[in-house]
Every structure is written in C-alpha cells, then in structure tokens.
Amino acid sequence: MVSDARALATRLAELGDAALAMTLAARGVSPQAGWHDFFDAAEGLLDPASIDRALTHLDRDDLLALVAHSAGADGEPARLALTDADGTPYAAVAERVAAAAAAAPDAFAATPATTEPVPADARTAAAAAERAFTTAGSLADVLLLCSHTPLVRTGAGPVSAVDRRRLMDAGALEFADDLEDLLASASAARLATAHEREWTVTAAGERWLKAPTADRWEAIAAGLRASLPRGLRTSSHGFLSPDAWLGIYPLDPEWPARAERLHRIGVRWGLFAPDRSPAEFPWTTALRAGGRADAATMAPYLPAEIDRVYLQADLTAIAPGPLAPALDLRLRSIAVRESRAQASTYRFTAESIGAGMTEGETAGSIRDFLAGLSLTGIPQPLAYLIESTAARHGLVRVRADEATGRTRVESPDAGLLDAITVDQALRPLGLLVLEGDDALSSRVARDAVYWTLADARYPVIAVDARGVPESIHRRTAATASEPAASPQHAYARLIGTLRGGHGTDGESGWLERELEQAVRARAEIVVVVRMPDGSERSFTLEAAGLGGGRLRGRDRAADIERTLPVSSIVSVRGG
C-alpha cells in the first residue's frame, strides 16, 4: 500500500507553482525551510505539530467534515494538504483530529443557533452613520500624512511610537490605539500597503482621498467584507451575523481576540451596533446578504458636505460644515487646518502656500481656486501673502546638467547661494562651487537635491532641460499589492529546490529517497534485487553509502561488503 507521505509528495509535485505556494503559505512553512525534495515536504507537512497548527485554521464545518471523511477534494482541508485526492484525511491527520476531538469535544459540535438580526431604529442608525463619517475623516487624515511621509513600522509590525505621536499632534487620531484599526481598514480596501518596515499609500488610496464620504464608505465596506476569513463568509458572497463569529474557529486560541477586533472595526465604520445587540442597519443587511456596498440608505444620516468657505482678513478660512473631501484636500495643500469639527478652520501662512507651490501650485492657480471656493472673495492680506510668496518662491532652481551628469543649483540671489553652501543640513548633497561658474553642483540626483532643499525651507523649484518649471512628487504611490507579498514570489527559491530534488513519478524517486534515508541512519534494510536471469533475491544489509548509481552495505548474513546497482533494486523495507 502506498504510504501517505509518498501520496502527499506526489500530490504536491502535481500542483502548479502558484497553488503550491498558496499551500505552503497557508501551512505557515518558512521560505527558508531546509527541504530538499517533495518527500521532505510531505514528511514536514505530516508532522504532528504542523498538522495541529493547520487544524487551527479550519472552521467548525471543516472540522466536522474531516471527522466524517467528507471534506471533499477542493475544500479548505485539501488546500491545506490535509486530505488526499478523494478528500480523505491522511492517517496522520486523522490521528491528530481524533486527539483534538478528545481534548476539545465542543469544537466538533454542530454550529450553535444564532439570533436573527432586527432592523435598527432611526436613532441607532444615525449614531452608526456619524461614527462612520468620523472614522472616514480620521482615516483620510492618516492617509494624507502617510502620503507625504510613510509610517514606520516596528519589527513586531505596529507603527512606531514617534509616528503615532506625529499623527496625534496633527489631530488625525483621537486615541493612539485607533491607528492599527484604521490601517487594517485601509489595507482591506487596498488603500495602503505594509511593505517591509513602512506603510505607504496606494494609487487607489490617493483616489479615495478625493472621493465623497459616501463613496469612501462603500470602498471600505466592500474591502472589509472581502477580507473576512473564509469561515465568516457565506455562499451568497455575504457574511455571517456577528453573534456567530466567536465560535467559527474553535481550535484557534487567537481567534476570539481576532473576532473581537473585526467586530470593533465594523462598529467604527457603522456596520454593527457597539453593544452587540441584534439591531442591524439597512446598509449592513444588504452587505451581509451579498449585495454591493451601497451608502444610499446611509446618506440621509450623513452630514451634508459643503463646497464654500469664508475667507477672512486674519488669513484664515472657515468652513461652516464638512467640506467636500476633494476641496478639503486641495485647501490643505496650501493651508494648515487648525481645527476639525462640523465647522473647520484653516490658516494660510507663507510656509503653507510655499509648500503648495512646491507641489505644483502657482499664484494664479491658488487665486482661481480660492475665488471659486470663497463666499467672501479673497481678502487683501491673503492676496498679498500669495503674491509675496510667489515672488520669493523659485529663487532657487534645480536642474539636471546633461553634459556633466550632475545636478545644478542656480539662483539670481548670490547671498542665498552662499547660505546654501554653508548650511550644515545640506552637507550630504556635496554641493560644490565650480571654477568659472556661478551655480552650485552636486553628484546627487536632481529630485533628491530638490526635496532636500525644500525640506530645509528654501524657495526651490525644479526645472526641466529647457528651463521650464515642472511639478515633481516626493513618492510614487505604491501599487495595490507589492510583489514581495506574493506567495509565489516568497517561495520561489524553495519551490525550485523541491522541483530539482527526487522525482515522484514511478518507483525510482521513492526508492532513492528510502535508500538515502537508510544510509543517513546507517539502518538495517532488506533489499530485493532482480538478478540477471530475472529472478529476485533478498539481501539484509546495513546501509553504508550511496553514489554512482550503486548502494554499498554490509551483508550481515554473509559478513561481507556488498555493492548493488540501484537500477536492479526492486524494493526496500526495514530490516
């Protein structure tokens, strides 16, 4: 009878690279695992500790299916390499399932009955919509700050204390602990991605920042539903009622905390009532049933967004209500928001307007924008600030010198160039005054020189080869998913090693595997050899070496050293 390890090795070898990588990732296999072939992989996956870890990823229905040997060939147990081609659990898996059932019989009981949700009253629905509106604003603040400077992650994963404080000081968070839930929401909707030690905003996240609040909510709600664990999703592409969540993964000790966090995030976005009551909102009912995320039923409870502000002579702008996100985003590119509430205050400074010009605004574009936004026109002090800032902005020009391959820093103000030359903060640029030239030169790339000068608050612009000013951005938006996040990419080296090891077709691969293990253990084995006349003969050997297509071992019965051609060996078994 073919052993389970051999059968699993054959199944793994038959998988495509993408499917194999998904299985390895689902089983939590390290990409640096020291496996040499599919037989090693099969033995590793059938190790009792590995099986026990895999069982924690199965929901209650999958566990019951394993007990009943009815898991199927395309279910989660099969994806986790716990069952054979017929959906029958391997013997080692069946043993661990039996042990788990004996230790935690409740985990293998039928799913408990749940309470059917009831429609929420208008007051509860209004409170939920207000929470969603507030949360959308907080996430927008986080993404906006993250788009300028990525959030740094610690080795354990959470955002660093320094960046938490930066977000708190900017008013993006009410409580520092809110940040991880907001970033989890952004990740689910692919608005931001965690890659290596940074959180960065994606192109979808930049579009989301400009979208109306209703559209923002729909993107988040759809993303949250799609990211729910498999055990919470239904066949209609919806999800189970939250009161059923806690018991879905009964063997996973971390699941209760994770389920609680998922529910808490749903509460933040107005999907669930905070007190775990059966009250359900109409927008949640449709989403839970598998319908599309639709904020139409939430819209009547959301504050009306406005498209006008009052510009005042004290260089402030007052929005008498929540400003439309696209307008708020642009206004904050040239002004500092001082307060956020139903009425928000923005303050114009030379630095804030200069920052907007650094990002591509001009005096004309700012005037046109404010003229269309203001209910009170543009006050004279603000008009003067715009013109004076524009007059100074661009005194320093940065260009790439194609002839030398260096970067030139030019200015009609010799005093300003002298200040740049002695500025200690700019020493990494290695700026030099070349003989016979009135500009500074650096080996650093133009964009890096530009942003270093901008961060040091010099009135700098970048120009192209023709001397025409051009807008450049500090960072390119991250893609929705980094290549390194792909399991196939992560496991490419290991999969290559497995495929380069012993083959799993026929008997030869398995035979070589058994012989290698016997030699490694100096084990006593019984080798059946086909003789030249077609007959078969058995030898009991202490395996000593394997190489050049021949097996060496000491024949205990004859007390001599024998060398047998591997091609003539029919079978091997323990001695």
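**Figure 1. Lining of the second largest cavity in a predicted model.** Ala140, Leu144, Leu209, Arg216, Pro325, Asp328, Leu329 and Arg332 line the second largest cavity. A cavity is a set of points, on a 1 Å grid over the protein atoms alone, where a 1.4 Å probe fits but cannot get out, and lining residues have an atom within 4 Å of a point. Two or more of the lining residues come from each of α8 and α15. The largest share, three residues, belongs to α15. By class, the lining has five nonpolar, no polar and three charged residues (Ala, Val, Leu, Ile, Met, Phe, Trp, Tyr, Cys and Pro count as nonpolar, Asp, Glu, Lys and Arg as charged, and the others, Gly among them, as polar). The volume of this cavity is about 40 Å³, where a volume is the space filled by probe spheres set on the points, which are joined across faces, edges and corners. The structure has two cavities of 30 Å³ or more. Residues are numbered from 1 along each chain as its sequence is written. Because the model is predicted, local features need pLDDT of at least 70 and side-chain atom pairs count only at pLDDT 80 or more, while totals for chains, interfaces and linings use all residues; side-chain values use heavy atoms, with hydrogens and water left out.

**Figure 2. Packing of α8 against α12.** Helix α12 covers residues 213-227, and α8 packs on it at an angle of about 85°, with the axes 10 Å apart. Axes are lines fitted to C-alpha atoms, for helices over the stretch in contact, and angles run from 0 to 180 degrees between N-to-C directions. The two helices are therefore roughly perpendicular (65 to 115 degrees). On the α8 side, Ala132, Phe133, Ala136, Leu139 and Ala140 meet Thr213, Arg216, Trp217 and Ile220 of α12, contact meaning heavy atoms within 4.5 Å. Seven of these contact residues are nonpolar, one is polar and one is charged.

**Figure 3. The largest pocket.** The space in this pocket is about 2000 Å³. A pocket is an open set of points with protein on both sides within 12 Å along at least five of seven lines. Of its 50 lining residues, His148, Arg332, Ser333, Ala355 and Glu359 are the closest to the centre. Elements supplying at least two lining residues each include α8 (122-148), α15 (325-331), β8 (336-339) and α16 (350-358); helices (H or I, at least four residues) and strands (E, at least two) are DSSP runs, numbered from the N terminus. The largest share of the lining, seven residues, comes from α16. The lining has 15 nonpolar, 16 polar and 19 charged residues.

Definitions and conventions. Parallel < 35°, antiparallel > 145°, perpendicular 65-115°, else oblique.
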